[in-house]
Amino acid sequence: MTQISLRHQVIRIYKDLLYLGREYPLGYDYFRPRLHKAFAARAGLTNEEEIKRGIQRAEFVKKEIETMYYLKRYRTLRHRYDKPQI
Amino acid sequence: MSSLRILVPVKRVIDYAIKPRVNKTQTAVETAGVKHSMNPFDELSVEEAVRIRERKVPVEDIVAISAGPTKAQDVLRTAMAMGCDRAIHVEIPTDKGEPDLEPLGVAKMLKAVVEKEKRNLVILGKQSIDDDANQTGQMLAGLLNWPQATQASKVDVEGEQVTVTREVDGGVETLSAKLPMIITTDLRLNEPRFASLPNIMKAKKKKLDKMTLQDLGVDATRRLKTVKVTEPAPRKGGGKVDSVDGLIGKLKELGAL
């Protein structure tokens, strides 16, 4: 598999996060500007190592959001369908 | 050793996080303009089918199927993005905005598809979060005369033999049966993956066949009529107490102390 350029990696993780943000509990309008600011703050980076670290952090945040969504859904369904009998 | 040909029925329902509202005529839940997504239990079944293949069990293909209006195709695309190879959409005309289908009708339709596509394993969600019928899997097993394991929390496939751990009241039950069989999923089966953007793009190229109930020779007329739908009574508010003495006083009043 060819190595995608760093620029494209950044764009890809940004798009993935934007897609995930649509279901953010506080709303897409809350998520989108904050995501944009977070990326814009690091837009001037030129050091390759720092860019890679930034991408890794973005991937980490993506995993955290996915896990949060999963947990929220699991807890809601568990509460709804497996209510412990008193 | 025969390979698995899995069928995964999925349903497009109101998103689990939305609070449903009853419509003005009190005959159904309001669905117009409301966010819809795949039934969470069906996500578990798609995930399980994909995981079975990832565990190196020989799987010939995984077919997702949904019955409903055109919008049901969104859910099929999600299923294919999660890993299904192709999808079948059975177009159902809507009756007052609701697909005109009951669990028995779905089971009859699935039986026709199973026979047509020569499936040997059907994994369904145990119930849908809108109807909460918990009937389709069992009815399908009855119609096909196949063994079934419902509320599965663990599935192991070894050749023709399938071992399923079921969640039952008071614990778990382990069943073993030979293919072909029906499995319905419980919440604890797995953690469904998120359909990532690249997978969704790839899913657009996968095959999606369209069929009608007439093509399958199925008669799925409704036998039940919904008489009334009402919201549950609102919760009575609690009262606030000022101090521990107040709390004790209140508990004595209620006869709890």
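Arg73(A) is buried in this predicted model, with a relative accessible area of 14%, so this residue falls below the 20% limit for that label. You'll find Arg73(A) in helix α3 of chain A. Leaving aside neighbours within four places in sequence, its contacts are Tyr16(B), Pro40(B), Glu43(B) and Pro192(B). As for its own chain, Leu18(A) sits 55 residues away in sequence, and the two C-alpha atoms are separated by 20 Å.

Over in chain B, Glu102(B) is another buried residue, at 8% relative accessibility. Look for Glu102(B) in the loop between β7 (98-99) and α3 (103-117) of chain B. A polar atom of its side chain lies 2.6 Å from the backbone nitrogen of Leu224(B).

| Residue | Relative accessible area |
|---|---|
| Arg73(A) | 14% |
| Glu102(B) | 8% |

Now for the second largest pocket, which has a volume of about 1,100 Å³. Its lining is made up of 40 residues, and those nearest the centre are Tyr19(A), Arg22(A), Glu23(A), Lys35(B) and Ser37(B). Which helix gives the most to that lining? That's α3(A), with 6 residues. Elements supplying at least two lining residues each come from both chains: α1 (6-21) and α3 (48-81) of chain A, plus β2 (12-14), β3 (36-38), α1 (40-54), α2 (72-82) and α5 (197-203) of chain B. Sorted by class, the lining has 22 nonpolar, 14 charged and 4 polar residues.

Technical notes. Residues numbered from 1 in each chain as written. Chains lettered and ligands numbered in written order. Predicted model: local features only at pLDDT ≥ 70, side-chain atom pairs only at ≥ 80, totals over all residues. Heavy atoms only, no water. 1 Å grid on protein atoms, 1.4 Å probe; cavity = no way out; pocket = protein on both sides within 12 Å on 5 of 7 lines; lining within 4 Å. Points joined across faces, edges and corners; volume = space filled by probe spheres on them. Helix = DSSP H or I, 4+ residues; strand = E, 2+ residues; numbered from the N terminus. Nonpolar A, V, L, I, M, F, W, Y, C, P; charged D, E, K, R; others polar. Buried < 20%, exposed > 50% of the residue type's maximum accessible area, 1.4 Å probe, protein only. Contact = heavy atoms within 4.5 Å. Polar contact = N/O pair within 3.5 Å; in protein donor to acceptor, adjacent residues only side chain to side chain.
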